[in-house]
Amino acid sequence: MSATTPPATLAALPLGDDALILSHRLGEWAGHAPVLEEEVALANIALDLLGQARALYTELADVLGSEDEIAYLREERAFLNCQLVEQPNGDFAHTLVRQLFFSTYQQPLYAQLATSLPLAAKAVREVAYHRDHAEQWTLRLGDGTEESHARTQRSVDALWRYTGELFQPVEGLDVRWADLEEEWDAGIREVLGQAGLAVPDSPRHGAWSAGAGRQGVHTEPFGRMLAEMQHLHRSHPGATW
C-alpha cells in the first residue's frame, strides 16, 4: 500500500473483509438450512454482506486492484477481518449467535459512520434486519426446548472470547469505540436475558480472549475456508464467464 493512501481509505479493508468472510460462511448453509425459509433468509443476509464487501473494496481499487483481486489473490495474512466472522458455522444455534454478536456490533458502527462512509447510511438499514433476524432466533432457541437452549448457551460461551476484538480501534475510522462497546454490551445482555441465557463470566479482553485478526493473524479454520473460496479463481486465472 502506498504511504500516501489516506487512513480512511485503508479502513475500508477490515470492514470489507468482515463482510466478505461472514458472507462466505453464511453461504455455506445453502442446501443445509433446517427449514426452507431460513435457506432464503441466510442467503439474503449473505448477499447483503457481499454487496457491502464489494462497495468497500471498490474504494481500494487504486491501491489493491479490482474487487476480485482483493478477494481471491491475497494470502491469509493479508486479510484483516476479525476472528469472530471466520469461525465455522457449527450448528444452527452457533451460526445465529455469531450473527447476533456481529450484527449488534455492525449496526451501531455503521450508524456512527453514516456521514463519513458512503456505504454506511445504506448498509445500516440492511444490518437492522440482520440483527432482528438473529435476535428473534436467539429468543426462540434460548427459550425453546431443553436441547435448543443448551446448544445456544454453548454457542454463546464458545464465541464470547472473540467479541472483544470488535472494539479494537481501526485507524482511519471516526468511531467512538467505548460508546460502541457499551451499546453492544447492553444490547447483547438484553437479548440473552430475555432468552434465558447466561452472560459468560469470562473476560472479552486480555490474555484469555482471542483476537488478532485485525493484524492478519487468524484461526486454523480460516486457512481452509480461504483455500476453498479462492480455489476456482486461482485455478483459472484470467478466465471470463
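The largest pocket of the predicted model has a volume of about 250 Å³. Its lining is made up of Leu20, Ser23, His24, Leu50, Ala53, Arg54, Tyr57, Glu67, Asp68, Ala71, Tyr72 and Met229. The elements that contribute two or more residues to this lining are helix 2 (12-27), helix 3 (36-58) and helix 5 (67-72). When the lining of the largest pocket is sorted by class, seven residues are nonpolar, two are polar and three are charged.

Helix 8, which spans residues 118-142, packs with helix 10, which spans residues 177-194, at an angle of about 35°, and the axes of the two helices lie 8 Å apart. The crossing of helix 8 and helix 10 is right-handed. On the side of helix 8, Arg131, Glu135, Thr138 and Leu139 take part in the contact, where they meet Gly187, Val191, Leu192 and Gln194 of helix 10. By class, this contact of helix 8 with helix 10 comprises three nonpolar, three polar and two charged residues.

Side chains of opposite charge can pair when their charged atoms come close. In the model, the count of salt bridges comes to twelve. Among them is the salt bridge of Arg74 with Asp17, in which the closest N and O atoms are 2.6 Å apart. This pair links distant parts of the chain, since Arg74 lies in the loop between helix 5 and helix 6 (83-86) and Asp17 lies in helix 2, 57 residues apart.

Conventions: Residues are numbered from 1 along each chain as its sequence is written. This is a predicted model: local features need pLDDT of at least 70, side-chain atom pairs count only at pLDDT 80 or more; totals for chains, interfaces and linings use all residues. Side-chain values use heavy atoms; hydrogens and water are left out. On a 1 Å grid over the protein atoms alone, a cavity is a set of points where a 1.4 Å probe fits but cannot get out, and a pocket is an open set with protein on both sides within 12 Å along at least five of seven lines; lining residues have an atom within 4 Å of a point. Grid points are joined across faces, edges and corners, and a volume is the space filled by probe spheres set on the points. Helices (H or I, at least four residues) and strands (E, at least two) are DSSP runs, numbered from the N terminus. Ala, Val, Leu, Ile, Met, Phe, Trp, Tyr, Cys and Pro count as nonpolar, Asp, Glu, Lys and Arg as charged, and the others, Gly among them, as polar. Axes are lines fitted to C-alpha atoms, for helices over the stretch in contact, and angles run from 0 to 180 degrees between N-to-C directions. A crossing is left-handed if the near helix is turned anticlockwise from the far one by less than a right angle, and right-handed if clockwise. Contact means heavy atoms within 4.5 Å. A salt bridge is a side-chain nitrogen of Lys or Arg within 4 Å of a carboxyl oxygen of Asp or Glu.
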